[in-house]
Amino acid sequence: MRVLLVEDQPDLVRHIERALKRADHDVATAMDGPSAVNIAVEKHHDLIVLDVNLPGFDGFEVLRRIKSKGVLSRIIMLTARGDVNDRVAGLKAGADDYLTKPFALEELLARIDALGRRGGAMKNAAVLDIGSIVMDLDRRKVTQAGEVVELSPREFEVFQILMQEPGRTFSRDEICERIWEREHEYDTRTVEIFIMRLRKKLDTKGQPSIIKTVRGVGYSLDESR
């Protein structure tokens, strides 16, 4: 993949850059907020590894600006260990994943590989539809009443789980396990944030949400819609 690494610690940049290149990724780097935005907008990158604490302006501002410019790269945010507010803020702003510092390089590479696998087309073409919503798995596209709904890779994956078995209730833990396929440190708010993002994009004002909350259990897709 073409990866943009945004980090202001030179030693860490060199360390991560070497590991990414050994894994056959094409790597560009930026060490401050303004440079990160310029590079992300000027050239497409499949994935951006984005630190929160940056000179110029922080990673949240980088994320806001590139999203406003229509950049569709997958985003992994690097946050300080134990700073839950940063993780929540990053996911709400549109990040697809987060990793807390300090971290093992193997874990970062695993997260990158997981996002990379899910960013490509599915091997077998399939279409799921519920009411006016159509999910094309081969093209990784969702439409609602004929209009394209722009979903991030993680949003697509969460919604795909619900679309494949409408009416079934999925716990937050099960959704996490299906998406990350490994032991994780995610708390329940991670799934809640992605559900919130999906509702914001899919729900119609004044009508019940297409994604129902089953109190004390999890979420299900309203198959009557």
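## A walk around the largest pocket

The residues lining the largest pocket split into 10 nonpolar, five polar and 12 charged. Here Ala, Val, Leu, Ile, Met, Phe, Trp, Tyr, Cys and Pro count as nonpolar, Asp, Glu, Lys and Arg as charged, and the others, Gly among them, as polar. Keep in mind that this is a predicted model, where local features need pLDDT of at least 70, side-chain atom pairs count only at pLDDT 80 or more, and totals for chains, interfaces and linings use all residues. Residues are numbered from 1 along each chain as its sequence is written, and side-chain values use heavy atoms, with hydrogens and water left out.

So what is a pocket? On a 1 Å grid over the protein atoms alone, a pocket is an open set of points where a 1.4 Å probe fits, with protein on both sides within 12 Å along at least five of seven lines; lining residues have an atom within 4 Å of a point. The largest pocket holds about 650 Å³ of space, a volume being the space filled by probe spheres set on the points, which are joined across faces, edges and corners. Of its 27 lining residues, Leu-72, Glu-150, Leu-151, Ser-152 and Lys-201 lie nearest the centre. Helix 8 (188-202) is one of the elements that each supply at least two lining residues, and with four residues helix 8 gives the largest share. Helices (H or I, at least four residues) and strands (E, at least two) are DSSP runs, numbered from the N terminus.

Now look at helix 3 (residues 59-68) and helix 4, which pack at about 5° with axes 10 Å apart. That makes the two helices roughly parallel, a label for angles under 35 degrees. Axes are lines fitted to C-alpha atoms, for helices over the stretch in contact, and angles run from 0 to 180 degrees between N-to-C directions.

The peptide bond from Lys-101 to Pro-102 is cis, with omega near -10°, and Pro-102 sits in the loop between strand 5 (97-101) and helix 5 (105-119). Arg-140 is not a glycine, yet has a positive phi of about 50°.

Notes: Parallel < 35°, antiparallel > 145°, perpendicular 65-115°, else oblique.
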